[in-house]
Amino acid sequence: MSRRSDLIAGARDVAPMLLGVIPFGLLVGVTALEAGLSPAVTVGMSLFVFAGASQLAIIELAGQGTAPLVIAGTALVVNLRYLMYSASIAPRFREYAARWRGLFAYLLTDQAYALTVVRESDDVRWYYLGTAATIWLAYQAATVAGVVLGAGVPPGWPLSFAVPLTFLALLVPAIEDRPGLAAAVVGGGVAVAGRGLPYHLGLPAGAVAGVVAGLVSARTAGGGGDGDGHHGAGTDAEGPAPSPEAPGDDGREAE
Amino acid sequence: MTLAPTTAWLVVLAAGLGTLAFRLSSIVAFARAGDLPAPVREVLRFVPPAVLGALVAPAFLVADGGLAVAPTNPRLIAGAAAAAVAWRTENVLATIAVGMAVLLGAGALGL
């Protein structure tokens, strides 16, 4: 129940996951320099964006001379999943003041979310901070370490190949079913086909095509035989999503 | 042709602010309403595999601008090995390690 013990519990529970976090930071630091980004921009990126996969995408595209708008846009598309995390964890933070919620939002990562969402406690603030702040510290330190190390890597080592390997490592578990596979295959296929497009638009084109393919695949797999007459796009038949918590006046809604 | 420093900072700022907006979105907007609307969730569900697929495919299938879906493409072989490891272990470190090892090995074999 004490703040301190919650903080420590959070830090302790997240410690094993740092093995997954630190390599990201190191990779960011090392490959950013290779791509021509300055140490300041690299560290700044880890501070401001604080999302490994999108940072690696930024670094890879920057190294290829992609148009800045496409780089920023790709980073945002890669980070769209934070919309989902935010939606999932929001109920746990409903009662806290805006200041807290802002801080919690900035610190949100897959791991902090996963640990906190199953924590049985009314006041998860300190536990969440224990997990999230530990990750943040480890990640920033790893970025700096990567920047420092990167300067010493011999040229010719294909370290930057670790970037697409990381994406591959993330892609495989992200494919959970046939529609997901369709999304990945079409996304990849369109990106390859569109590699000659100006401004590296093949990438966002692939992403959009992949999402559409996933939606189509899900529709044709599940919606074919239940006879509700709904085919194609349009999901308004489902109605509003049910709220998991009791509705009604909070009374404590902060500004 | 790399990013000029000012441009790089602008990209960082744009990506940072946008990502923060995503992180804040439900915590701010849906603090009362509960989940994201179902259609939005449907679409979001496919974003990770689509985006990651689009990021991954060119790196392993394209060499010097041309399609290289052949055993002579060392990156493709390394990628296949890494994908197998990712599938069995779901371990990021192992995947990267195996992929790099296979690539370096293929290079040593003269591919």
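Biologist: Which residues form a nonpolar patch on the surface?

Modeller: In this predicted model, the nonpolar patch on the surface is formed by A:Leu47, A:Phe48, B:Trp9, B:Leu13 and B:Leu17. Together these residues have about 450 Å² of accessible area.

Biologist: Which elements supply at least two residues each of that patch?

Modeller: They are α3 (39–48) of chain A and α1 of chain B.

Biologist: And which gives the most?

Modeller: The most comes from α1(B), with 3 residues. B:Leu13, one of the patch residues, has its place in this helix, α1 of chain B.

Biologist: Turning to the interface, how many residues are in contact?

Modeller: On chain B, 71 residues are in contact with 87 residues of chain A.

Biologist: What area is buried between the two chains?

Modeller: The area buried between chain B and chain A is about 6700 Å². Carbon and sulfur atoms give 77% of that area.

Biologist: Why quote an area lost as the size of an interface?

Modeller: The accessible area lost when the parts come together is often given as the size of an interface.

Biologist: How many salt bridges are there between chain B and chain A?

Modeller: The count is 2. One of them joins A:Arg219 to B:Glu42, with the closest N and O atoms 3.8 Å apart.

Biologist: Which elements of chain B supply at least two residues each of the side that touches chain A?

Modeller: Those are α1 (5–29), α2 (38–61), β2 (66–67), α3 (74–89) and α4 (92–108) of chain B. The most comes from α2(B), with 23 residues.

Biologist: How do the residues of that side divide into nonpolar, polar and charged?

Modeller: The side of chain B that touches chain A has 49 nonpolar, 14 polar and 8 charged residues.

Conventions:
Residues are numbered from 1 along each chain as its sequence is written. Chains are lettered from A and ligands numbered from 1 in the order in which they are written. This is a predicted model: local features need pLDDT of at least 70, side-chain atom pairs count only at pLDDT 80 or more; totals for chains, interfaces and linings use all residues. Side-chain values use heavy atoms; hydrogens and water are left out. Contact means heavy atoms within 4.5 Å. Buried area is the accessible area (1.4 Å probe) that two parts lose on being put together, summed over both. A salt bridge is a side-chain nitrogen of Lys or Arg within 4 Å of a carboxyl oxygen of Asp or Glu. Helices (H or I, at least four residues) and strands (E, at least two) are DSSP runs, numbered from the N terminus. Ala, Val, Leu, Ile, Met, Phe, Trp, Tyr, Cys and Pro count as nonpolar, Asp, Glu, Lys and Arg as charged, and the others, Gly among them, as polar. Patches are made of residues with over 30% relative accessible area and no salt bridge: like charges are joined within 9 Å, nonpolar side chains (Val, Leu, Ile, Met, Phe, Trp, Tyr) within 5 Å. Accessible areas come from the Shrake-Rupley method with a 1.4 Å probe; for residues, only the protein chains shown count as cover.
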